[in-house]
Amino acid sequence: MISEENVLELTSILFAILIFPGFGFLFVCALGFQWIDRWVVAHLQGRIGPPWFQPLADFIKLMAKEDMLPIGAHERACALLPMVSLAAVLTVALYVPVGGHVVGAFEGDLIVVLVLLSLPAVAYFLAGWLSASVFSVVGGSRALLQYFAYEVPFLMALSGPAILSGSWSISRIAALQSQTVWMVLVQPVGFLLAFVGLIGKLKRSPFDIPKAKSEIGAGPLTEFSGRKLALWHLSLHTKTVVGIFLLVDVFLGGSGGSPTIWGALTFGAKSLLILLALSVAGVLYARLRIDQLTHVGWRVLAPLALLQILFVIWIGA
Amino acid sequence: MNVELVLEALREAFPTEALEPRAVPVDETFVPLPPDCVHPAVRILIERFGLRHLSTITGEDTGSEIVLLYHLWHGRGLTLRAVLPRDGAHIATLTDLIPGAAFYEREVSEMLGVTFDGHPDPGTLLLPDNWDGEPPLRQQRGGVQ
Amino acid sequence: MSRPSSLAYLLPELVRTLLARRVTVSFPFEPLEQPVYFRGKVIVQSELCRGCGLCVRDCPAFALELEREGGGRFQLVHYRDRCAYCGQCADSCPQGAIALVSEFVPPTPRRETLTQVIVERDAGG
Amino acid sequence: MSRMTIPIGPQHPALKEPVSFLLTVEGERIVESALRIGYVHRGLERILQNRNYVQNVHVAERVCGICSHAHTTAYCQGVEALLGLDVSPRALYLRTLLCELERIHSHLLWVGVLAEHIGFTTIFMYAWRDREIALDIMEELSGGRVAHAVNVIGGVRIDVSQAQVHAILARLDELERQIGTFLDVIRHERTFQARTRGVGHLSAEQVRRYCVVGPVARASGVDVDMRRDAPYAAYDRLSFQVITADEGDVWARAMVRALETVESLHMCRQLLIGLPDGAPSLFKKGHSDGAPSLFKKGHSDGALAARAPRRVPPGEAVSRCEAPRGELIYYIRSDGSDRPARIKIRTPTLTTLMTLPDQLRDIHTADVPAVLAGVDLCIACADR
């Protein structure tokens with residue numbers, strides 16, 4: 001027997017998953033952040049940049065385009081991989097609080113989020129490996145090498161706040177910061193490492209090594225077109241949004257406690273700040289080589305992250 | 001580069017040949033040589049004068065013969081001029097002395113049908129691999145241009 | 001004045017660029033400015049043309065054709081699809097009748113619309 | 001480790017023009033490379049034989065899309081030598097001015113291409129933005145950004161008024177400030193250095209073996225520059241330095257080119273300030289007075305045009321000049337008609353192409369774009 005309350009609850013859950021803070025909101029954010037990023041980069045480089053609807057137009061254009069793969073590519077896997085990547089990112093989004101709203105939260109969701117966030121990297125590598133082109137194979141192996149370079153410091157950097165606050169729930173970590181201080185003030189090094197790790201995770205310049213245009217075309221995505229490519233792009237841009245939200249929640253105090261208008265506004269402002277930092281970081285440097293990145297990852301970032309963890313345990317004790 | 005000294009050295013090396021140098025604008029000296037003297041002449045130029053810069057090799061089909069011009073440069077231009085017969089034209093390669101001659105020789109070879117004996121990597125440079133027509137810069141009989 | 005190395009070396013230049021004017025324009029929606037001496041559209045003062053054909057002889061792209069129809073009648077045809085806008089015709093014309101003005105000739109998919117009779121002279125003209 | 005063949009070209013994002021490299025790689029190391037050119041061979045040497053000397057100025061201009069003025073300079077110089085024409089000093093100065101502006105534009109374009117190849121988009125955008133200053137000056141002087149159509153046999157087609165001289169000088173100052181930025185970045189920016197230092201090394205001996213010319217040779221310590229060693233146009237009246245470096249890698253090439261740009265700026269200033277009076281062309285147009293003002297496209301004294309003799313006496317000429325990429329040589333033979341019997345063009349890119357198999361051996365695949373950018377390929381030039 002379905003009572004009225006059950007229906008109401010169901011609708012509110014569906015609304016949370018599909019509209020806000022779920023998929024619809026994420027889609028809008030993905031396109032919006034993409035446009036802001038492109039606009040900022042353009043203006044830093046002296047250009048006027050694209051109009052606001054450009055990301056949407058690009059998405060629609062790709063959806064309408066002919067979809068083809070070269071002979072020898074694993075067709076079913078190639079169709080599945082972008083969906084896997086997108087699904088993983090969207091699942092992550094359910095556990096990352098947006099302005100205090102969260103679809104599902106439980107003790108330990110940070111670990112689930114971190115694991116699921118690496119799934120797109122694996123899908124990306126497989127896409128390169130299975131799509132029958134030398135460029136994508138080289139790009140795929142680079143993506144894997146890069147994964148090992150950034151993932152360890154990224155994980156260690158994000159576990160710092162969890163250890164300090166004694167909880168592996170993102171909502172709890174965010175809520176605790178509103179009572180004490182922001183984690184970025186306690187662990188500035190950890191925040192920087194997480195930020196650098198995020199650049200690596202999102203394959204943004206200067207760590208856009210797996211898709212270095214002038215070297216290997218579009219890397220693993222060289223042979224993708226049409227809807228598959230649109231889904232790939234959507235999954236990468238959604239990942240940007242989710243990654244930024246995660247950093248805001250864990251290091252910048254999220255929305256500052258309860259879901260209020262003021263909280264939502266500060267959350268948005270913090271997210272935009274990180275996006276801006278990502279854009280500026282992309283504009284400042286030349287792309288590193290994969291061996292230079294692994295060098296930086298293992299010789300600089302990983303030891304720093306280790307020291308950071310030791311520091312956290314020391315002040316926590 | 002002292003052109004007089006160079007000419008003296010060449011005259012010494014090839015006493016039987018009448019070397020009649022000719023001044024050509026802009027600041028270039030043309031020295032006619034028999035085809036088989038080009039390689040030894042370039043060796044002398046490299047060893048005695050350090051003249052190693054080959055600007056290019058010009059090949060031309062005048063209708064009755066094929067003229068090869070080796071444009072060298074060392075502060076001033078020096079061009080060695082060799083005349084080959086149209087049929088079965090061949091000459092020794094310079095790539096062993098000047099590796100940079102490789103592309104120029106390949107170009108002359110495909111454009112005019114001259115064989116460069118001993119070239120390490122003959123083959124087309126600009127023309128397609130499956131080119132089977134006449135060498136394009138040969139003058140066709142019947143005056144078709 | 002060169003600055004020492006730093007991790008964000010380009011930052012001052014970024015700020016300077018941000019404060020300066022943008023250099024790109026949204027071209028089809030905003031007009032492009034052409035300098036006065038831009039070699040664009042070819043125009044002819046047809047009353048000066050004598051049909052000597054010097055422009056036709058010197059045109060490197062064979063974009064001009066002179067059609068003599070007997071009895072002093074002639075037509076000078078300009079094939080703008082072949083034209084390289086080099087301005088040699090304006091130079092070669094002994095009458096100074098040809099000029100290239102700073103007007104951009106827009107591209108078109110219909111090639112035949114680019115052919116233009118620029119001088120048409122009847123007998124005794 | 002298994003071997004793989006990576007095709008770079010004929011179509012590839014790292015290439016602006018069609019050329020093909022087949023790279024055999026082990027992991028990310030390149031063990032072997034094969035080069036193929038000729039995809040844009042247009043048979044220009046044959047075309048030049050089929051057109052008259054006047055038309056050929058414009059054909060020569062289209063050999064290259066960047067150093068077009070260098071080509072017409074070499075060509076006109078050769079034909080003028082055959083005709084025995086003396087070109088007026090003002091014309092020589094203007095010709096040289098365009099040569100140097102073109103060098104600035106070509107080198108800045110190159111800085112941008114290199115930056116884009118190593119993933120430094122911002123420098124790419126800035127370099128191309130500032131290159132516009134040089135392009136705008138050239139467009140205002142000649143009416144074309146790249147195809148200037150400035151040289152004619154016997155002089156130049158353009159003239160510069162005193163007001164224009166001042167305007168150009170002011171913009172050159174602006175350009176110099178911007179080039180300072182690039183010099184700073186090349187000298188100090190860490191990621192730029194990480195991607196260019198030690199990459200694509202060529203020793204002075206290799207340079208001599210392959211008869212390499214231009215900035216690539218100078219960056220390996222081979223001090224050769226046609227502007228100084230065989231002065232043409234107005235170069236004997238200018239004071240300038242030939243920039244060399246010893247490292248021989250892509251970074252040294254960047255440094256040499258950037259410093260050469262500054263040197264070219266100084267030369268432009270000298271040319272503009274010391275511009276001699278007189279006619280910019282040997283021959284004046286007859287009927288300019290009667291034409292309405294629009295048709296007097298020239299400047300202070302009416303339209304300008306060359307009326308060099310159409311027939312060139314039989315003879316041969318070898319004309320060399322320093323294009324932005326190095327020594328450019330034209331061989332012209334005339335048989336006495338109004339068409340050349342043979343014109344041979346050797347562009348500087350052909351020399352640097354020969355060094356690429358050496359440079360591409362035993363390097364990281366990620367360095368391939370930097371190496372390719374480093375030698376400043378102009379494939380249309382090389383293929384003709």
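**A tour of chains D and A**

Keep in mind that the model is predicted.

Next, show the two helices whole: H3 of chain D covers residues 68–83, and H4 of chain D covers residues 89–117. Two packed helices are described by the angle between their axes and the distance between those axes. For H3(D) and H4(D), the axes come within 8 Å and cross at roughly 145°. The crossing is left-handed.

Stay on H4(D) and select the C-alpha atoms at its two ends. How far apart are these end C-alpha atoms? They are 42 Å apart, which agrees with the 42 Å that 29 residues should span at 1.5 Å a residue. H4(D) is mostly covered, with 27 of its 29 residues buried. Just after this helix, pick Gly119(D), where phi is positive, about 75°.

Now move to chain A and colour by secondary structure.

Zoom out to see chain A as a whole. Its C-alpha atoms fill a box of roughly 60 × 55 × 40 Å along the principal axes. The radius of gyration is 20 Å, which agrees with the value near 20 Å for a compact globule of 317 residues. Buried residues make up 52% of chain A. Of the contacts in chain A with a separation of 6 or more, 80% join residues 24 or more positions apart.

Note on methods
Residues numbered from 1 in each chain as written. Chains lettered and ligands numbered in written order. Predicted model: local features only at pLDDT ≥ 70, side-chain atom pairs only at ≥ 80, totals over all residues. Helix = DSSP H or I, 4+ residues; strand = E, 2+ residues; numbered from the N terminus. Expected span 1.5 Å × (residues − 1). Buried ≥ 20, exposed ≤ 12 C-beta atoms within 10 Å, placed from the backbone. Rg over C-alpha atoms; globule rule 2.2 N^0.38 Å. Contact = placed C-beta atoms within 7 Å. Axes fitted to C-alpha atoms, helices over the stretch in contact; angles between N-to-C directions. Left-handed = near helix turned anticlockwise from the far one by under 90°.
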